[in-house]
Amino acid sequence: MKSVTIIGGGVAGLEAAARLTRMGQAVTVIEKSDQLGGRLNQWHALFPFRTPAGPLLSKLRNNVAEGMNMIVNANITGVEYNDDGFAIRINNNRMITANSVLLTTGFDIFDAEKKEEYGYGIYENVITSVELEQMFHSGKPILTAQGNIPSRIGFIHCVGSRDEKAGNLHCSKVCCVTAVKQAIEIKELIPSAEIFLYYMDLRMFGRHFEELYKEAQFKHGIQFIRARLSEAFENPDGTLQIRIEDTLLAKPLKMNLDMMVLMVGIQPQRKTGNLIDMLGLERDADGFLMQEDPYGSPFKTKIRGLYCAGGITGPKTIEETLIEARAVAAEINNYLKHKETYTGHEHFVMEL
Amino acid sequence: MKFDLFVLPFALGLTFLLGYLTVKYSVWYFKLETSDRVKVRKGFSSLRVIRALREIFFESLLHRRIFLKNRLLGFMHMSLAFGWFLLIAVGNLESRIYQPAELNLPYVPIFFKFFHANPGAFPMHRIFSFVMDLLLLFVLTGVILAFAKRISSGAYGMKRTTRLMASDRFAMTSLWLIFPLRLLAESFTAAAYGGGDFLTGTVGNLLGNLLSATLLYYPAWWAYSMSLGIFFIALPFSRYMHIPTEVVLIFSRHFGLEETGHRTPITEIEINSCSRCGLCLDACQLSFAGGVHTIQSAYQLKAIRYHHIEPKDTFNCLMCRRCENTCPVGIDISSIRMITRKELNGRTPDPSFDRQPAIQTRKADVIYFAGCMTHQTPAIKKAMQTVFKESNISYWFMDELGGLCCGRPMMFAGHHQQALLMIEKNRKLIEESGAQTMVTSCPICFKVFARDYNLNIRIMHHTQYLLELALQKKIRLEPIAGSAVYHDPCELSRDLTIYEEPRQLLGKMMKLTTAEFERDNTLCCGNSLANFSAGNDVRQSVTRDAFEKLTSQGAQYLITSCPMCKKAFEKVADVPVKDIAEMVSKSIHKRQPKVIAGKLKAEPSAALTFH
Amino acid sequence: MIGFGYKIQADRQIDYDSNNRRILEFVRDGEPSIDWCMSCGTCASACTAAMTADYSLRRLIIQARRGMENEIRESVYRCRFCGKCFNACPRGVNTRNIVYLMQLAATKITNHEI
Amino acid sequence: MKQEGKRRLWQEYQKEIATDKFFYVRSCVRQNFFPAAEQTFLRILRDLGKTVYENPGHTTCTGIGYHSDVVPLHTTMTVVARQFALMTEAGYENLAVSCITSFGLYTEIMDTWHHFPEIENKTREYLRKATGREFTLPKNLAHASDILYKLRHDIAARAPYRLINQATGEPLRVVEHIGCHYSKMFPHKGVGGAEYPYVLVGLVEALGGEIIDYPERRHCCGFGFRQYVVRANRGYSLSCSKKKFDSMEPYRPDCILTNCPGCPYFLDRWQYVVSEMEGRTYGVNGHGIPVLTYEELAGLALGYDPWDIGLQTHQVSIEPLMLKMGVPFDPSKKYLGKNGEYIGRPSKPNVLKIDMDALNTEHRILITEY
């Protein structure tokens, strides 16, 4: 029985942990926050079917409950490694060794205050998609800062994505469909409200996403305006005036909103102490962890025995993250079984 | 002079009715165009009257057309109309003979049995009272049938029967009561004072044993008279207005009056001639395939007559003319629908519709006009171009670049004025080209070219033109394997009745199977341009239904000659859907290139040199 | 007043809140499929009228959504009702009915009926 | 509006501003539009005991020509290099710039040189060839409004008059307008950045006024160089300012405060033009909304005679504001220039009110008291 340490107790980490334990490996999960589940703790319902996040979260937690070592509130201060394995120093005194390490540290969410002209943190009725998700979760009525039921709500796409000014050139992939999902949810809570989505492109890439988009239009009369917000202003009554170009008419347009939701993007972890830099791993141009070979061995890093999965290698849906977790578990298991001879491309052969 | 108070309701009712009709009809007459009034005056002093009367006898009394379509329904209408007519006629005769001296006011024959309870020793009275009883029975069967129809129209092979409005129900009830009450009145009288025949006599005896006839016969006559009076007063405001107006319609038709495209007294006459018999309901595909039950002609005419038109209904019609085809009164429904659309949407602030593309006319023998829709079915365009090329015809593809419109769709939208502007522009182009023939692939365009452009050149749909080429041996057709069923596009059928040409042409290429719904009974493909309101769901179910009915015999090809029909059927078809032109270009015998012909000629002579 | 030789220009900006969207309401009432439009422009590219007239159904629908009545009135009568747009629409929007209803709405506005 | 949010943001846009020993370069248009404003700046600095030097030999920075696409970049750089040389020769290293466009241009050029040293060397070569001069880059580059922002507390400490309505005790409502070239190009070179600049807000707050935000705050005044310079485009320039007036009026501002040469002139003049064209005036009693530069405001607060700081050259009369602030003034001296000679008075506008009779009572009291 060999040992695996999984850094990051989010969706990818927990699923991989469960699988590896089932495969008979000794698993340790290190989580920096005080609870397991990662981002899933923040979501209310998952697209495209608006599946409640709760049950999935508790399932992930329960799977790993028994037979493995859990460390929360862990602050990793150093990692040493050689061909045999890894030594991870946490909270400056404790040492954890492992034959193999899996990085599932995920991603950061764009700090909306960086888009100053949108007034997040300055205008009272500007919130982020994450905050809206938590409002849904709290079950409390959706109200403006002034305590009124909003009669017009706007969703601003691509906040911190595909934006040189925001330092992120990549597409965060999941925001488009999230916006459509949240628009429908809010419309169901406030049927009288007018809902607008301001998009650059609508990227309904996944299965059932287009259907959700159609439902938003056909069933809920949600309006989609092809535009990117230039600047917002707060009216004396706390409502917002936004200025956009109605690109399909090639005319500037101004309108008032009671509430503005910023679809904040997904970006790589850059804060000091992030493991990518600590371990001297390479990043791609977009700043996410570079995969050695996206087709051949997407989970392998240049360090022998160190694997990665989930949001650390780019924006992903939870569905995709779970699939990656299962795949990486299988690969790590193979690695530990044939550690001495393993080069990282066997799993192809073995599955043939 | 015979008189009793109870005749008053009848007398008043009749007077009112006659007065009302005289006023209404004379108003219509004087509103007519002068030319039409002349027609009418001339008409009355001509043989046309005879023909009109003949039709009135066959249609208004015998209801021949209905009878041919539906025996039971026909008999019902006949027994009511003809039966009642005879009752009045024979009644009059009877009273004339009985009281030659006296003044014979209209009520006398109606209430004859009251005034002559027991005719006594008059020789022919047996025959008369027998005949009158027989006629009464005849009418009563009609009433019973009508009653039964209300309960279950299915029994009459009708899927639906018209929904009646209050005034109709009121008039209908009074109408139905007239004859049973007459029976009662006459029977009580017979019971009290003798007389009466196999019907009134027998019923009289039966009732006499149960009730006191002497007490009841007088009220019965009152009731009878009341029912008549009420019916006469209700008539002009109910569907029964059709009874007198249909007569007027038949006359005016025989005198050569017809719809002009805008609302005239003729329109009014037609609207008032609709008996809402409901035959149009079952003819309508939107009804039996589309689940739309508000727009059928009976309802549209009613809506127009009582001024509660719903635009969404007016514009929710396929204009396939199936209803017109079944209408026993032969009302020109599609003209009336077009008039209504014009009234609804005709007023537009932009009459200067000066936006046709600037196109240079080209001199040619033949103009080919594909039509907007054909640009969405390029196979048809290509086929026609191949044919022209193969038969070395100098032609000008007028709307090759698109952007030209024939104007018909604008008419469907009610924009007649704008349509005429476009027509005028197109007409100039066509005339300048000096062509003698104009061929179009689109039946919608074809109709407007043929009807509204008044060009003095030949306007042909490609079905006709291709056949002509084949007959003139300009193209040689070779057989194509497989059987085909031909779908008549509405626009080419019913009104323009182009049935033979396509069939003859197809016959030259492949085996034709027949379908129940063809020729003047053809179905709309569902893609009708005339309909604005129907969405894809309704249209598709119409298409699917039509397709199943067409291909029930299991043909290998569905052939049509309209790009719209093609597009519609393609959506649902599990067999290839082709335009007749495509089949022609497929089966056309391609001329051999000259060089090869030359070689063939050379060979024998070369062979000779070896001898 | 003084002639300065130049003028104050009208604001080009669409003022969504001061615009009246009654045309949209009227059309939606008779033809809900107007909400299905995703502004792909297939209709406008199939359009017969657009070949020669400044006319775009895609634009009209957006203008209705924004409440741009004058712009709608200006171009809505350029339609020829040939119906190609309806055949072309990938979302099954009943385009012709929308144009017809827009024209009807325009008339009703003139007659102060809506 | 979450003020703490704004303050958090302002913290990210702090810049180094020298406090003494300035080499002052003037603005071409300001010397024509509001000549006394720059005088006032020098006066304030000197009253605060700062040394400020200006060399009469300094020239335009060519900004107008540059932004009107008539002066090539390298020429512009060489001219700017010459200003630096004059500064170097005078032994100064803190450049104080009067004009926003010059400030933007200097910033732009220094940034260009920072990224492309070869261009700087080329420019040095041009300057040498043309004038034989050498220069060292300014140690500190600040716009004059930056400097007053930096010294705002000293000014406030000495100011007898504040942005407080004497009649009501309420703070006066000020809308600020920042020149486009101040921080829109280089947000980190402007106090408070580009979206919510703090440079004028700071001054207003120090003087007890209330700053008001309004939808078109970020909008350009419309000068736009060739937009105004070319007469045919002038309507466009005018429309831009009008857009701002329409947007700010509902917020009932007591005055407009600016830090750019063109903006105060156009925000002032266009109010008159709009009134003549449309008969429409902004502000109360048809007097329009007074427009001030930061120096003029500081000067007023410091109790300088309004006619010495050139307020009579404004199209929209400043009197209503002065009355609210309780700044004493002698209407009879309004049109007397240096050593008392009459400088002539403008003809009376048709719509815009400039006489004091229309002022409301609480203002009159102040007049009589004076």
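**View 1. Helices α24 and α25 of chain B pack at an angle of about 45 degrees.** In this close-up, α24 (residues 462-471) and α25 (residues 500-507) of chain B have their axes 9 Å apart. Axes are lines fitted to C-alpha atoms, for helices over the stretch in contact, with angles between N-to-C directions running from 0 to 180 degrees. Helices are DSSP runs (H or I, at least four residues), numbered from the N terminus. The angle makes α24(B) oblique to α25(B); angles under 35 degrees count as roughly parallel, over 145 as roughly antiparallel, 65 to 115 as roughly perpendicular, and the rest as oblique.

This is a predicted model, in which local features need pLDDT of at least 70 and side-chain atom pairs count only at pLDDT 80 or more, while totals for chains, interfaces and linings use all residues. Residues are numbered from 1 along each chain as its sequence is written, with chains lettered from A and ligands numbered from 1 in the order in which they are written.

**View 2. Residues of the contact between α24(B) and α25(B).** From α24(B) come B:Thr463, B:Gln464, B:Leu466, B:Leu467 and B:Ala470, and α25(B) brings B:Glu501, B:Pro502, B:Gln504 and B:Leu505. Residues are in contact if their C-beta atoms, placed from the backbone, lie within 7 Å.

**View 3. Domain 1 of chain D meets domain 2 of chain D.** An automatic or database assignment sets the bounds, giving domain 1 (15-144) and domain 2 (161-369). Their contact takes 24 residues from domain 1 and 26 residues from domain 2. On the domain 1 side, α6(D) gives the most, with seven residues.

Conventions. Contact = placed C-beta atoms within 7 Å. Helix = DSSP H or I, 4+ residues; strand = E, 2+ residues; numbered from the N terminus.
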